[in-house]
There are 2 protein chains.
Amino acid sequence: MSEAMGLDPADWVMWREMTAMRAGVDRALEHRLQRDAGISAADFDVLRSLADAEGHRLRAGALAEALGWEKSRISHQVRRMADRGLVDRQDCPTDLRGTWVVLSETGADAFATASCGYVETLERTLFSRLDADDRAAMRRVAAAVTDGLLAPDVQAFPTR
Amino acid sequence: MSEAMGLDPADWVMWREMTAMRAGVDRALEHRLQRDAGISAADFDVLRSLADAEGHRLRAGALAEALGWEKSRISHQVRRMADRGLVDRQDCPTDLRGTWVVLSETGADAFATASCGYVETLERTLFSRLDADDRAAMRRVAAAVTDGLLAPDVQAFPTR
DNA sequence: CACAGATCCATGACACGTCAACAACACGGT
DNA sequence: ACCGTGTTGTTGACGTGTCATGGATCTGTG
């Protein structure tokens, strides 16, 4: 596989290293959040979005867009978080289809508790390992790739 | 959140961009594999490991180590793949606890079908966006971070 | 006003990953 | 041979993500 299919072996190694990096950092964050505040990374992302939002509340659709998630994922996630008291759900008065997702006091506490360890873990596993040049390069790479993702999956051939 | 907790805003942006990059590339790969060969990224990783292995077979533990997965994950994954005929399971004669995971003909076919689109998607979404400097920087970053991951979660303070 | 299509979200079924517990086996020393 | 310990892999429970589907509501057009 490495040398087959016209892919530069060095690129292949790079891809595996990228995968390992992301897996490691994600795992560290997950464990830390779980231990500090008993929440998952997905929980934390939702709490952060709500904490950043005006009035600590977002429409479900806006939340989905902010996180780049599917709407059904938001729905499941918010239901589970509401069951645990991390968020509240309120019907939207102006659009009866809509739902407001509101940060609860419990959720705000959990977020405050978790944030510190989250940043610390990120600092320890990621940033502390990178100098200014590394960071600049990393941002260049990430920006270039995400830009390209807007052009969707053309030229794909269905084999079955 | 962005400016709070002593994290450089630029670092924060970098982290979000990294997350978006990985999510986008992963998503593109998943969809492509599903469409081309009806398999998931996890399936593909297993098939690739087996295809690379001597005799197209690996012990479950070796597979777990090669992929950096938990043993139970391997067990579940292999069971599902065996149900679909992508791999075969054989008892190990020399160590009766052990299990050989063997690439089946169906699995080899699926891997061959999938590989091309996989590499092509990776090329399109990732490598085509990066010049030689970017790739070198990316490898430097990934290596530095994964190195740091070996030192486990010290200095963590339980907040609850 | 009536209706067709779009939008917003919820739900159920299914695949997946993690954790804790467990069973079977290997291997060392005595 | 025996016993304790570590290894190998499986299983079940649980939380999670995706997909397909459906119900409710809004909006624009005739």
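Tutor: A residue is near a strand here if its C-beta atom, placed from the backbone, lies within 6 Å of it. Keep in mind that the model is predicted. Start with DNA strand D. It has 26 residues around it. Those that come nearest are S72(A), L96(A), G61(B), S72(B) and S75(B).

Next, the helices. From chain A, α2 and α4 (71-83) each supply at least two residues of the surface near DNA strand D. The largest share comes from α4(B), with six residues. By class, this surface has eleven charged residues, ten polar and five nonpolar.

Now the backbone. Most residues other than glycine have a negative phi. H56(A) has a positive one, near 55°. H56(B), also not a glycine, has a positive phi of about 55°.

Where do they sit? H56(A) lies in the loop between α2 (41-52) and β1 (57-59) of chain A. H56(B) lies in the loop between α2 (41-52) and β1 (57-59) of chain B.

Exposure comes last. The cut-offs are 20 or more neighbours for buried and 12 or fewer for exposed. H56(A) has 18 C-beta neighbours inside 10 Å, so it counts as partly exposed. H56(B) has 17 C-beta neighbours inside 10 Å, and therefore counts as partly exposed.

Terms used
Residues are numbered from 1 along each chain as its sequence is written. Chains are lettered from A and ligands numbered from 1 in the order in which they are written. This is a predicted model: local features need pLDDT of at least 70, side-chain atom pairs count only at pLDDT 80 or more; totals for chains, interfaces and linings use all residues. Helices (H or I, at least four residues) and strands (E, at least two) are DSSP runs, numbered from the N terminus. Ala, Val, Leu, Ile, Met, Phe, Trp, Tyr, Cys and Pro count as nonpolar, Asp, Glu, Lys and Arg as charged, and the others, Gly among them, as polar.
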